[in-house]
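The sequence and structure are shown first, and the description follows.

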Amino acid sequence: MTRPGLPKLIATDLDGTLVRSDDTVSAYTHGVLDRVRAAGIPVVGATGRGPRLTELTRNDIRAADFLVMAGGGRVVDQSDPSGPVVLRDERLPAEVLARLLADLELAVGPLTVMVEASDEHDAPLWGDYHESWPYQDRFEARTRDECLAGDVIKAFARTADHHVDELLAVARRVVPPQVATLTQAGLGFIEICPPGVDKATGLTVVAQTLGVDPADVLVFGDMPNDLPMFEWAGWSRVAVANAHPTLRAAADEVTLRNDDDGVAVYLDRLLSR
């Protein structure tokens, strides 16, 4: 239930929520987010994108005081005048990922696997080629052994025979939460993150830094990887109209689609009350 007054912190997912289908963010949306900051409300971009996409992320949410990236594994304070400060940086050990993938393949058959291992600007994902991956310009084919040569930020996996939601359900039965956090963000792959890493735990770092209670946080999202922050935030949980049914069911309110600037329309009305 939406609380009266204004929230003390606003966090929004990017792809499918703030960012439109043509990979742009409207001038209107940027302007509304600037008004939010001018009202004294910190803005957080909460995204599954890894740190290799930091510059792209900063461009898509220029008003952000903090970035929660890699689904919560990397948290960056951008408000420090001396430059960005990394507040959290979690990795999944390669040997843990190797065992996890072996156990999952016993349950579902061969997996197409990609890993995000580097935080260098525009670094590619490594792994098995799959034609459905939407960002082939940021992909490099590598063997499983090469992918597991070091710790990773997150991994992506899919099968030929399972819908992503079905694969996620099976994976959660096979992989204990203390081993890894599993989710999906609408890309057709499940995402495998370090244990305890999700958008809620990433936002907890931000909230504690600012001294904000989760009950005073407003969040926006569209996919199952946004569920943890929907369960965590208390001021209001708002899904865009194009959201996954699971997230719509968890939302307090539904705004317009991402392509109709739903986040900005909601915030514009909120600020204009």
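How many aromatic pairs does the rule count? In this predicted model, the count comes to five aromatic pairs. One of them joins W133 and F156 in an edge-to-face arrangement, with 5.2 Å from centre to centre and 65 degrees between the planes. Because W133 lies in the loop between β7 (125–127) and β8 (139–141) while F156 belongs to strand β9 (residues 154–158), the pair ties together parts that are 23 residues apart in sequence.

The chain as a whole is divided into domain 1 (9–89 + 197–272) and domain 2 (94–193). To their contact, domain 1 contributes 15 residues and domain 2 contributes 19 residues. The table gives values that describe how the two domains are placed and joined.

| Property of domain 1 and domain 2 | Value |
|---|---|
| Distance between C-alpha centres | 24 Å |
| Area buried between them | about 1400 Å² |

Of the buried area, 51% is on carbon and sulfur atoms. On the side of domain 1, the residues that lose the most area to domain 2 are R52, V197 and N225, which together account for 44% of what that side buries.

Polar and charged groups also take part in the interface. Ten residue pairs are in polar contact between domain 1 and domain 2, and the rule finds two salt bridges across their interface. By class, the side of domain 1 that touches domain 2 comprises six nonpolar, five polar and four charged residues. R52 forms a salt bridge with E116, and their closest N and O atoms are 2.8 Å apart.

How values were computed. Residues are numbered from 1 along each chain as its sequence is written. This is a predicted model: local features need pLDDT of at least 70, side-chain atom pairs count only at pLDDT 80 or more; totals for chains, interfaces and linings use all residues. Side-chain values use heavy atoms; hydrogens and water are left out. Domain bounds come from an automatic or database domain assignment. Contact means heavy atoms within 4.5 Å. Buried area is the accessible area (1.4 Å probe) that two parts lose on being put together, summed over both. A salt bridge is a side-chain nitrogen of Lys or Arg within 4 Å of a carboxyl oxygen of Asp or Glu. A polar contact is a pair of N or O atoms within 3.5 Å; within protein, one must be able to donate a hydrogen and the other to accept it, and residues adjacent in sequence count only if both atoms are side-chain atoms. Ala, Val, Leu, Ile, Met, Phe, Trp, Tyr, Cys and Pro count as nonpolar, Asp, Glu, Lys and Arg as charged, and the others, Gly among them, as polar. Rings of Phe, Tyr and Trp (its six-membered ring) pair if their centres lie within 6.5 Å; planes under 30 degrees apart count as stacked, over 60 as edge-to-face and the rest as tilted. Helices (H or I, at least four residues) and strands (E, at least two) are DSSP runs, numbered from the N terminus.
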